Amino acid sequence: MLRLLSLLVLLALPVQGEEIVLGLSRDEVAITANFDGSDVMIFGAVKREAPAPGGGPLEVIITLAGPSESVLVRRKERRLGIWVNTDSVEVDVAPSFYAVATSAPFRDVLTEVEDLRYGVSIPRVIRSVGAPASVANSETFTEALIRIRAASGLYQVLDSQVDIEEETLFRGQIALPAALTEGEYVARIFITRGGVVMDEYQTSIAVYKAGLERWLFEMSRNQPFWYGLMSLAIAISAGWLASAAFRIFAR
Amino acid sequence: MQVYLPIAEVSVNAFLLLGLGGIVGILSGMFGVGGGFLMTPLLFFIGIPPAVAVATEAVQIVASSFSGVLAHLRRKSVDLRMGTVLLIGGLFGAALGVLLFNYLKSLGQVDLLVKLCYVVFLGVIGGLMFVESWRAIRRSKVVGGPPLRKKHGWVHALPFKLKFRVSGLYISVIPPLIVGLLVGILAAIMGVGGGFIMVPAMIYLLGMPTKVVIGTSLFQIIFVTAFTTMLHATTNFTVDIVLAVLLLVGGVIGAQVGARIGVKMKAEQLRILLAIMVLVVCGKLALDLLLVPSELYSLGAAQGH
């Protein structure tokens, strides 16, 4: 595969500056009954006509983001001796999954300014504007969101985990956890020199439920009444079966 | 073996769920409780979203209660007449409870109220049962004879008397209707079948024999939780059938085993074990409210704008 890509680079038409050519190990992930997470390999090459320009070594950043949604973050406080939910902040946009993999420590690869411009690091992809004025330290809510999601593997920072060969070929691997939401997962690849972005490339991976999972999910939404009755029928017959089986067993 | 749950959208270990279902099923068959008050916190713990856990738990309770009731029916330890009266009260109570729940939700802090309800009711019921059954055990050891039971009180002066042959009672239908109603309200607010409140209420308030109470409690739980299941499936779409099947396979087998264990035990022993279990759950919930949580923040779905 790498050889094929090298060939591609050699045969490539002359281009201005440096440009990304990309491959994905898979462009869709089907969630079936025995789905237990999945690895996505993202690899590619840098195409250039002239010799590599100066301005520091070539670095690569790969990000993968799940569909965004708004999240309500609640904070507990002690009232009359017991812990209760008091303040809450609605975070307007937060990806359900986000991984950022780099070829070197993050701050060496991308400057603060460029991060702000392209929205690469985790705090930069989360947007919270609706914090009510009554809530003190509303930024701690965003931090809590990142901490909780990171603990369950939904937000990943993979520093220095992209391999680069000969300043041309690169590859990185991102592990998708088992608890995935459906939707379009956007992969972005940046190449940087001296912390400045030289080129950006974007593609997407479709994550969807398949087979029985799909059928049950659709039924629960489209025919909820029959879905409920089916659940009860299964429950009653399982109860009866167990009882009948034990009666035979007891004799 | 990992299984992906289509509605809960998480992947879980199938054997873990089978085991959990089995344990809760045994308790269900032994004590006549649905087990929702135990299973729901356990499901939260393994990462099932709360809304899905509560709704799916109802399906499993239907299955294990049905399995348990069949075992008790063969033993003729189900008072169908008493069960029906309790059920009528219970369904009205459940409807009232849902209204009350939505009203409290509009005021906010409904989560806290549910938790406090759990702590208070589990604590009071567990404590009373524990003391009573411990005394009964000591008395039976010392004297060797059955304890004297108060046979007449204000309950017996009420009109609309009915004969409950299986329970050996001749009482007015008003107390069972009220008990059913109150348990129905609590069950709807707390999101459980209400067995752990119903069982002590039948023993201590109605004076039914412990052996009959278990089958009768299971009988009415089937209907209450079937009703809850349909409500959740049609309004919140949170019933996960894959999760339910995994839990109920363990549950129905456990219920049969539990019903057999229950028969071999003395009534006081059954009551004291149930009391201990209720107190343990109560203690756990109380500690959660009192101790400093390890994570002060929690995530929830946004209500939308």
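A residue is called buried here if 20 or more other C-beta atoms lie within 10 Å of its own, exposed if 12 or fewer do, and partly exposed in between, with C-beta atoms placed from the backbone. The model is a predicted one, in which local features need pLDDT of at least 70 and side-chain atom pairs count only at pLDDT 80 or more, while totals for chains, interfaces and linings use all residues. Residues are numbered from 1 along each chain as its sequence is written, and chains are lettered from A and ligands numbered from 1 in the order in which they are written.

A:Ile148 sits in helix α5 (residues 139-151) of chain A; helices (H or I, at least four residues) and strands (E, at least two) are DSSP runs, numbered from the N terminus. Neighbours within four places in sequence aside, A:Ile148 is in contact with B:Glu295, B:Tyr297 and B:Leu299, contact meaning that the C-beta atoms, placed from the backbone, lie within 7 Å. Its C-alpha atom is separated by 20 Å from that of A:Val135, 13 residues apart along the chain.

Now for the interface as a whole. Here 47 residues of chain A are in contact with 46 residues of chain B. On the chain B side, the elements that each supply at least two residues include α3 (50-74), α5 (110-142) and β5 (297-301). The top contributor is α9(B), with nine residues. By type, this side of chain B divides into 33 nonpolar, 10 polar and three charged residues; Ala, Val, Leu, Ile, Met, Phe, Trp, Tyr, Cys and Pro count as nonpolar, Asp, Glu, Lys and Arg as charged, and the others, Gly among them, as polar.

Back in chain A, the secondary structure comes to seven helices and 12 strands. Of its 251 residues, 30% count as buried. The C-alpha trace spans about 85 × 55 × 35 Å along its principal axes.

Chain A also holds an open, antiparallel sheet of four strands, in the order β1-β3-β10-β9; strands pair if DSSP finds at least two bridges between them. At the edges stand β1 (18-24) and β9 (163-165), each with a single partner strand, so one side of each lacks a neighbour in the sheet. Strand β3 (residues 38-48) and strand β10 (residues 169-176) of chain A pair in the antiparallel sense over eight bridges, and A:Phe43 stands opposite A:Arg171 in β10(A).

Definitions and conventions:
Two residues are in contact if their C-beta atoms, placed from the backbone, lie within 7 Å.
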